[in-house]
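Me: I have a structure to get through today. Can you walk me through it in short steps?

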Amino acid sequence: MFSRCSLSTSWAPLISSTAPPHLRSSPALPDPRIDYRAIAENIVKKSNNAINRKALLPAGAIDHVARMYTEYKRLLNDLNAKRNARSIVGENIRRASDTRDVEAKQTALAEATRLKTEVAQLESDVGVVEAELLALALAIPNDTHPESPLGPESAAVTVDTCGPSPIPADPQRDHVAICRKLNLFDLESASTVTGSSWYYLLNEAALLELALTNYAMSVALKRGFTPITTPDVVRSDIAKRCGFMPRDHSDAPLQQTYHLHTPPASPELVLSGTSEIPLAGMFANKIFQSSALPFRVVGLGHSFRAEAGARGTDTRGLYRVHQFTKVELFAVTTDSESEMMMTEMVEIQKSILDGLALPYRVLDMPTEELGASAYRKFDMEVWMPGRGSWGEVTSVSNCTDYQARRLHIRYRRPPPKNTDGEISSTTSTTTALPFAHTLNGTAVAVPRLIIALLENGAVFDDQGEVTKIRLPETLKPFWVGPQSGREIIEWV
């Protein structure tokens, strides 16, 4: 699963002003394209999948989608039949006019009036059923990889353990105490300015954030990813299409996202919960040549989580906060390449953590921990001795075509060739375009890596007072400022 893959560094077509990256683009997104047929033909499988993932679906929702899809097809067939009949009647009217057959024309006009009413009613019925069908189907989560463990977070399977041996748990290494002693953050001022679970990073902690983001970007760039800085504000519709929904079932959805006040005629805007959302939105409503895929991008942005105060002790210090800087890996692939890309992204994440010399483990996450869009997800947890536990610092998800169907990200396969190597003359030009696969993964989520580096790297004197922080030499080239006489950083 985690063997290294050969990496392409070709991303120039996407950003070149002379070579457009896509064949067609529109500023207005059409409705998501859900595979209703697959749902209707796999009711039991889809229902069990939703149960295994504890999806927030009404009872019998998937059965209802299947029944509504049948009704939708019936109405659509009736509508098309009436439209065809209306076309025939139109021809009859024109023919009667040409032959001056008054009686035939009156009969045809009466028929046209009746059909116009019936078509209008059917169009209304189709619209109502289609809207309800789409709303229900959008709540159905992605399928699940057959090897994903079943159950809650405790059912996660450790697939790899890496880095140095974990040092013993020690409350003296608590990052909050270390930060207060070395003046590395200011929670009190942040509470006054904004509220709880917000923070100021000070001195070396601020420099450490800059070093971590630049270090992670440098690793991704070497692997062929194109750097992007993302907007922190996105349309709520884009966030929903990405499947960004709460996994904490105890919280109401409105508590998960910060909504911005906008004029009534303007699109609803939210603060982005992860830069995966604006990165995915970059590719919305575009068609790519399969030869141009995969696309690899790495985004630097901020993540905003309104639910940070909902998990008890996890809110201590920097572990669970409302805003944090994150470097995000994102990829668009063909449907046959996404599993290979997932392996590649896991290897990049491991490379970043290996460079930081932290003890970590890789977990295959169980069904109840998968977001709506994820087909499979791996988390990486770093040992945090001050907290006395492992803490999640990265994750990577293969979303298959879940996001692409909602965002209309498609690609064009190369035309088949005959035995002579020539493009077949029988190739259809109306073949449906397949939807791409999308993947996302954390390169660094800054606050939690700061916790891990401080708690693992703290140096104490004979009186048990923290005096220095040992940081890996890997970060030294990215350290952008002097220590102002505070010699508390020791490079190792």
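Me: What kind of model is it, and how are residues numbered?

Reply: It is a predicted model, where local features need pLDDT of at least 70, side-chain atom pairs count only at pLDDT 80 or more, and totals for chains, interfaces and linings use all residues. Residues are numbered from 1 along each chain as its sequence is written, and side-chain values use heavy atoms, without hydrogens and water.

Me: Sheet first. What is the strand order?

Reply: The order is S1-S11-S12-S13-S15-S10-S9-S4, in an open sheet of eight strands with mixed pairing. Strands (E, at least two residues) and helices (H or I, at least four) are DSSP runs, numbered from the N terminus. Two strands pair if DSSP finds at least two bridges between them.

Me: Which strands stand at the edges?

Reply: S1 (157–162) and S4 (226–229) do. Each has a single partner strand, so one side of each is left without a neighbour in the sheet. Neighbouring strands are turned by 25° against each other on average, direction ignored.

Me: How does S4 join S9?

Reply: Four bridges join S4 to S9 (residues 295–304), and the two run parallel. Ile228 has Gly299 in S9 as its bridge partner.

Me: Which helix packs on this sheet?

Reply: H8 (residues 203–222) does, touching S4, S9, S10 (323–333) and S15 (437–445). Contact means heavy atoms within 4.5 Å. The direction of H8 makes about 5° with that of S10. Axes are lines fitted to C-alpha atoms, for helices over the stretch in contact, and angles run from 0 to 180 degrees between N-to-C directions.

Me: Now S12. Is it mostly covered or mostly open?

Reply: Mostly covered: nine of the nine residues of S12 (residues 376–384) are buried. Buried means under 20% relative accessible area, exposed over 50%, partly exposed in between (1.4 Å probe, protein chains only). Arg376, Phe378, Met380, Val382 and Met384 point one way, while Lys377, Asp379, Glu381 and Trp383 point the other way.

Me: How does S12 pair with S13?

Reply: S12 and S13 (residues 389–398) are antiparallel, over nine bridges. Arg376 stands opposite Asn398. The two strands form a hairpin with four residues between them, and Gly388 in the turn has a positive phi of about 70°.

Me: Switching to H13. Why does its span agree with what we expect?

Reply: At 1.5 Å a residue, the twelve residues of H13 (446–457) should span 16 Å, and the end C-alpha atoms are 16 Å apart. The expected span is 1.5 Å times one less than the number of residues. Eleven of the twelve residues of H13 are buried, including Arg448 and Glu455.

Me: Which residues line the largest cavity?

Reply: Leu184, Glu204, Ala205, Leu208, Leu454, Ile469, Leu471, Trp479 and Ile489. H8 gives the most to this lining, with three residues.

Me: Which residues have a positive phi without being a glycine?

Reply: Asn203 has one of about 50°, and His408 has one of about 60°. Asn203 is in H8 and is partly exposed, at 35%. His408 sits in the loop between H12 (402–407) and S14 (409–412), and is buried at 5%.

Definitions and conventions
On a 1 Å grid over the protein atoms alone, a cavity is a set of points where a 1.4 Å probe fits but cannot get out, and a pocket is an open set with protein on both sides within 12 Å along at least five of seven lines; lining residues have an atom within 4 Å of a point.
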